[in-house]
Amino acid sequence: MEADIVIVGSGFFGLTIAERCANELGLKVLIVEKRSHIGGNAYSEADPKTGIEVHKYGAHLFHTSNERVWEYVNRFTSFTPYVHKVYTNHRGVVYSMPINLGTINQFFGAAYGPEEARALIQEQAGELSGKDPENLNDKGISLIGRPLYEAFIKEYTGKQWQTDPKELPASIISRLPVRYNYDNRYFNDTYEGLPTEGYTAWINKMVEHPNIEILTDTDFFDESQPYSKAALVGKKPVIYTGPLDKYFDYSQGALSWRTIDFETEYPECGDYQGTSVMNYADAEIPFTRIIEPRHFHPERDYPTDKTIIMKEYSRFAEANDEPYYPINSDKDREALLEYRRLAEQEDGVLFGGRLGTYQYLDMHMAIGSALTAFDNKVAPHFRDGKPLN
Ligand code: FDA
């Protein structure tokens with residue numbers, strides 16, 4: 001196929017642009033994907049031993065308050081009524097998260113009403129008042145008071161960053177949510193749910209168009225294949241959703257990321273923890289949380305005598321690890337400015353998505369930003385000859 005546009009990466013950003021280009025503009029689209037499957041990090045598959053749908057790159061819960069995104073995604077899948085809730089184990093007792101009146105009353109062994117709880121937390125948060133927090137530890141105390149911060153945030157955050165929060169900048173957190181009611185829904189969005197037939201069915205539906213061709217196991221930087229950076233840039237419009245620093249051969253240094261190691265186990269029971277996500281707040285437990293994917297789909301007929309769980313370990317990403325969460329250190333931010341400047345000068349290439357812009361994006365944000373990029377950049381380029389980037 002002689003493509004009109006080449007899209008590098010088949011995550012939600014790339015897929016949304018591909019779908020819009022084919023359906024809205026009638027363009028021929030080629031998607032080049034390094035992995036053996038499409039879908040980016042939202043990809044899921046049935047675990048061969050249990051048949052339970054597993055999110056290969058970490059738990060993916062769909063939620064949005066964006067009407068346009070909600071209408072758009074419902075063209076490809078329906079959603080179950082799943083409502084995400086998270087619990088945390090601290091010193092062998094389980095509390096609900098984010099911190100709410102239930103958590104507070106359980107933790108302090110009390111029966112406070114909203115106003116009493118608010119007054120207590122305000123008083124405890126006043127411990128360091130008058131001082132600008134110098135590090136994440138002080139910031140946490142000044143937001144929710146020492147007792148709750150030390151129980152639920154301090155050691156968990158230390159595990160996520162492999163660093164004592166006293167050594168982390170205060171800027172990492174701007175707020176810590178506390179709800180003065182018993183609402184323990186994890187997300188505040190208007191819409192929430194999981195794709196009824198799974199992520200892969202949704203993703204496949206997005207590219208079900210004769211004008212869309214997909215090449216998996218194809219690396220954009222591999223010059224031995226015909227759709228490489230060297231072969232395409234300057235000759236075809238390119239949407240690039242791979243790592244920003246890699247595109248420019250790390251000329252401004254490598255941008256830093258955290259990654260997660262998943263340790264899969266098959267406990268000999270039909271239900272290991274009774275819920276999908278259990279955090280472990282304490283430093284003595286080396287993993288940050290356990291995911292039990294069967295609970296994402298209580299409506300499905302999963303086996304009742306076996307289950308699958310994943311323990312998550314957070315660490316700094318090395319060169320060959322999956323980049324998951326941008327670290328955004330001062331050095332990263334300086335390099336990012338330079339990379340953005342270079343990206344603007346790269347005629348005919350539009351950078352998008354979480355890797356292409358070095359920012360954490362939820363799925364609805366990646367889709368929303370792709371819809372906007374399509375409207376503002378891609379469609380005007382093909383309709384009116386405007387520059388792509
Ligand atoms: P994405 O990373 O999905 O896709 C980029 C694609 O480019 C990949 O398929 C990659 O292989 C490909 N690529 C890279 N380099 C290439 C090259 N050289 N050549 C060819 N292809 C190349 N969101 C949410 O809404 N709810 C949630 O619960 C979660 N949970 C979650 C957990 C974890 C651990 C992570 C890391 C992320 C989430 N997310 C999430 C975020 C979600 O994964 C994210 O919004 C989407 O992946 C963004 O889609 P993109 O297309 O931007 O990137």
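This is a predicted model: local features need pLDDT of at least 70, side-chain atom pairs count only at pLDDT 80 or more; totals for chains, interfaces and linings use all residues.
Residues are numbered from 1 along each chain as its sequence is written, and side-chain values use heavy atoms, with hydrogens and water left out.

Let's start with the ligand. It has 33 residues around it, and Glu33, His60, Leu61, Leu361 and Met363 come nearest; a residue belongs here if one of its heavy atoms lies within 4 Å of the molecule. Three of those names come with polar contacts, meaning pairs of N or O atoms within 3.5 Å; inside the protein, one atom must be able to donate a hydrogen and the other to accept it, and residues adjacent in sequence count only if both atoms are side-chain atoms. Glu33 uses its side chain, with an N or O atom 2.6 Å from an oxygen of the ligand. Leu361 works through its backbone instead, where an N or O atom sits 2.5 Å from a ligand oxygen. Met363 also brings a polar backbone atom, 2.7 Å from an oxygen atom of the ligand. On its own the ligand has 1,000 Å² of accessible area, and the protein covers 97% of that (areas come from the Shrake-Rupley method with a 1.4 Å probe; for residues, only the protein chains shown count as cover).

Which elements give two or more residues to this shell? They are helix H1 (12-25), H11 and H12. Helices (H or I, at least four residues) and strands (E, at least two) are DSSP runs, numbered from the N terminus. By type, the shell splits into 17 nonpolar, 10 polar and 6 charged residues. Here Ala, Val, Leu, Ile, Met, Phe, Trp, Tyr, Cys and Pro count as nonpolar, Asp, Glu, Lys and Arg as charged, and the others, Gly among them, as polar.

Now for the empty spaces. Rolling a probe the size of a water molecule over the atoms shows where empty space is left. On a 1 Å grid over the protein atoms alone, a cavity is a set of points where a 1.4 Å probe fits but cannot get out, whereas a pocket is an open set with protein on both sides within 12 Å along at least five of seven lines; lining residues have an atom within 4 Å of a point. Points are joined across faces, edges and corners, and a volume is the space filled by probe spheres set on them.

The second largest pocket holds about 420 Å³ of space. Its lining has 16 residues, with Leu350, Phe351, Gly352, Gly356 and Thr357 nearest the centre. Helix H10 (330-345), strand E16 (349-351), helix H11 (353-357) and helix H12 (363-384) each supply at least two residues of that lining. Sorted by type, the lining is made of 7 nonpolar, 7 polar and 2 charged residues.

As for cavities, the structure holds 1 of 30 Å³ or more. The largest cavity has a volume of about 30 Å³, and its lining consists of Gln252, Gly253, Ala254, Lys331, Asp332 and Ala335. That gives 2 nonpolar, 2 polar and 2 charged residues.

A few single residues are worth a stop. Tyr358 sits in the loop between H11 and H12 and has a positive phi near 50°, though it is not a glycine. Is Tyr358 buried or exposed? It counts as buried, because its relative accessibility is 1%; buried means under 20% relative accessible area, exposed over 50%, and partly exposed in between (1.4 Å probe, protein chains only). Pro326, in strand E15 (residues 325-326), is 32 residues from Tyr358 in sequence, yet their C-alpha atoms are 6.5 Å apart. Pro326 is buried too, at 12%.

Asp249 is another non-glycine with a positive phi, about 55°. You'll find Asp249 in the loop between helix H9 (244-247) and strand E11 (257-265), and Asp249 is exposed, with a relative accessible area of 64%.

Last, look at Asn89 in strand E6 (residues 86-90). Asn89 is buried at 17%, and its side chain reaches the backbone nitrogen of Gly92 at 3.1 Å. Further along, a cis peptide bond joins Met97 and Pro98, with omega about -15°.
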